[in-house]
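Open the model in your viewer and keep the selection tool at hand. The tour makes two stops, and each step says what to select.

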Amino acid sequence: MPINRRDFINRSAATGAGVALAGTAGVVAAPQAVAAEAKGKDKGKDCGAPKTYSFSILGTTDLHSHVFNWDYFTDKEYTDSKNDDIGLAKVFTLVKQVREAKGRNRTLLVDAGDIIQGTSLAYYYAKVDPITGTNGKPGPIHPMAAAMNAMHYDAAALGNHEFNYGIPLLRVFQEQCKFPLLGANALNAKTLKPAFPPYVIKQIQVPGRPPIKVGIIGLTNPGIAIWDKDNVSGKMVFPGLVEQAAKYVPKVRALGADVVFLTDHSGLDGSTSYGDALPYVENASNLVAAQVPGIDAILVGHTHVEVASYTVANETTGKNVVLSEPFCWGKRLSVFDFEVEFSKGKWEVTSVTSGVLNANTVEEDAEIVALLKADHDKVVAYVNQTIGTCTEEMSAVDSCWKDTAIIDFINFVQAETVKAGLSGDDAALPVVSVAAPFSRTADIPAGNVSIKDVAGLYIYDNTLYGKKLTGAQLRDYLEFAAAYYNQVPAGTAVDTATLTNSVTGGVTRWDYTYDVALGLTYEIDIAQAAGSRIKNVQYNGAALDDTQVFVVAVNNYRASGGSGYPHIASAEIVYNGGQEIRQLLIDYLVAAGELDPTVFFTDNWKLTQAGVSVF
């Protein structure tokens with residue numbers, strides 16, 4: 001993936017608060033000119049030029065294509081139990097308030113990744129009216145590029161979900177952005193050189209003094225190599241954050257940066273969801289702060305949590321590094337406040353603090369609303385198309401602890417699709433399907449069913465695989481899934497509020513990590529310790545034969561090792577049709593005309609305590 005140096009330099013050019021000097025091309029001001037500027041302006045330091053100065057870096061992360069305070073799955077204004085609001089339109093109101101209070105030339109705006117996936121709007125401009133264009137005609141501007149350009153973002157890190165729709169679409173999005181997409185650990189697989197700009201240097205102008213040079217380094221998540229293997233294998237590689245930060249922090253300092261700011265699409269607790277499948281930590285921002293000298297602050301992303309301020313002492317220098325992660329979807333805006341002092345011809349950081357602002361305290365910005373209303377309306381019309389009917393309501397509210405028709409719908413379609421796609425000897429193998437309850441609020445109503453109803457059930461853009469596992473390996477797979485539950489001893493009442501989302505080795509087992517199977521019958525004994533819970537596994541009414549070979553219908557995320565399930569990543573592939581599972585569900589309903597749970601629902605698994613059914 002060769003880098004077009006002209007495009008690269010153009011993308012790194014001046015925007016917002018200063019001049020960008022960026023990237024692998026090493027575009028920097030001539031050292032002699034910088035030194036002369038500093039010397040000349042230092043002579044006037046007693047003539048009213050400030051010795052101290054302040055500025056702020058504002059940060060968002062995990063926006064996931066939320067532009068308005070709108071839920072496309074429910075077709076109404078977003079709401080949740082915490083009364084949060086979402087979307088860039090609200091964020092921009094907060095940004096404008098900070099810029100007005102602190103001065104436009106004293107602020108920078110940065111994002112930590114996961115921009116172009118996550119809502120029906122994201123899907124629409126990737127698949128329905130793609131920004132890559134169709135039939136030789138150019139596509140539209142991505143609404144997220146339009147919004148972030150209007151907001152004058154200065155830089156953004158690549159998130160792992162940036163790769164969900166493939167590198168070509170990401171490249172078009174990159175071209176549409178008037179700010180650099182940074183990825184110091186996103187490398188060309190052949191040359192091992194950066195495939196995206198690793199850093200950008202911005203300037204904060206100070207009257208009578210040399211500008212404050214802020215080096216911004218972007219780091220993405222190594223897990224991309226697993227989660228989006230189909231899109232990146234052989235094209236890009238993603239080494240560790242610590243390793244690449246250790247390379248680029250000194251480089252950016254050498255280029256004259258007075259301040260080094262990292263934007264990491266990586267959490268701050270040191271945890272990893274993919275086990276030892278990769279030698280690099282998934283959530284490594286705290287490790288970067290501790291192990292790499294020369295960093296002043298880090299904007300954190302990826303984990304969808306709110307951390308207003310978190311301080312890590314660097315192990316080499318003892319200097320504190322300030323980290324902040326704003327809540328996802330534009331619910332919060334992180335604000336890093338910097339104090340600097342001009343001493344011995346250069347600026348030095350004397351103080352860094354951080355906090356967050358809440359989007360639910362402001363109205364949507366009228367400029368963003370006007371800019372994107374037409375795009376939004378197209379998506380609303382698309383998701384409200386009726387595609388069939390359902391004989392009865394199917395809800396996912398209990399799907400995390402009961403077998404339900406709505407999850408069996410997913411598994412049924414997956415299994416039937418894989419069966420139809422098998423050939424040769426593989427066509428005689430039994431098929432088992434696995435799927436996760438992605439959303440507890442998913443609901444397919446009785447009567448008319450629209451695209452938004454199905455999209456609300458299957459919220460990710462996963463594709464379908466078929467892979468071979470033995471009976472013994474399937475048992476291990478189910479055992480791994482069952483660790484999702486907290487242990488509840490026999491005779492103890494089961495509270496669904498505390499039953500799920502166990503924490504193992506510092507890693508939380510979120511709902512999307514929990515697979516249930518169709519094609520086997522089995523019990524999960526939650527009275528037992530994790531690792532000893534799967535009981536009475538049967539296939540076709542007989543005890544599971546550990547040597548029997550099955551084809552497992554599974555999504556690409558899990559098939560590539562996502563969530564760390566055993567055996568599946570290395571299993572033989574016998575089916576890969578490339579179809580998105582969400583679209584397969586839509587296509588099934590369009591073809592059948594009706595969803596009837598009696599066709600696909602099988603009550604084949606349950607929770608027990610010492611052999612006694614829980615529900």
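How many bridges join S33 to strand S34 (residues 612-613), and do the two run parallel or antiparallel? Two bridges join them, and the strands run antiparallel. This is a predicted model, in which local features need pLDDT of at least 70 and side-chain atom pairs count only at pLDDT 80 or more, while totals for chains, interfaces and linings use all residues. Residues are numbered from 1 along each chain as its sequence is written, and side-chain values use heavy atoms, with hydrogens and water left out.

**First stop: S33**

Select residues 605-609, which make up strand S33 (strands are DSSP runs of E, at least two residues, numbered from the N terminus). Four of these five residues are buried (under 20% relative accessible area, 1.4 Å probe, protein chains only). S33 and S34 form a hairpin with two residues between them, and Ala 610 in the turn has a positive phi of about 50°. Strands pair if DSSP finds at least two bridges between them.

Next select strand S27 (residues 521-525), which runs parallel to S33 and is joined to it by four bridges. Ile 524 stands opposite Leu 607 in S33.

**Second stop: Asp 62**

Select Asp 62, in the loop between strand S2 (52-60) and strand S3 (70-71). Show its side chain together with His 302: the backbone nitrogen of His 302 lies 2.8 Å from a polar atom of the Asp 62 side chain. Beyond neighbours within four places in sequence, Asp 62 is in contact with residues including Asp 114, His 265, Glu 325 and Trp 329 (heavy atoms within 4.5 Å).

Terms used: Buried means under 20% relative accessible area, exposed over 50%, partly exposed in between (1.4 Å probe, protein chains only). A polar contact is a pair of N or O atoms within 3.5 Å; within protein, one must be able to donate a hydrogen and the other to accept it, and residues adjacent in sequence count only if both atoms are side-chain atoms.
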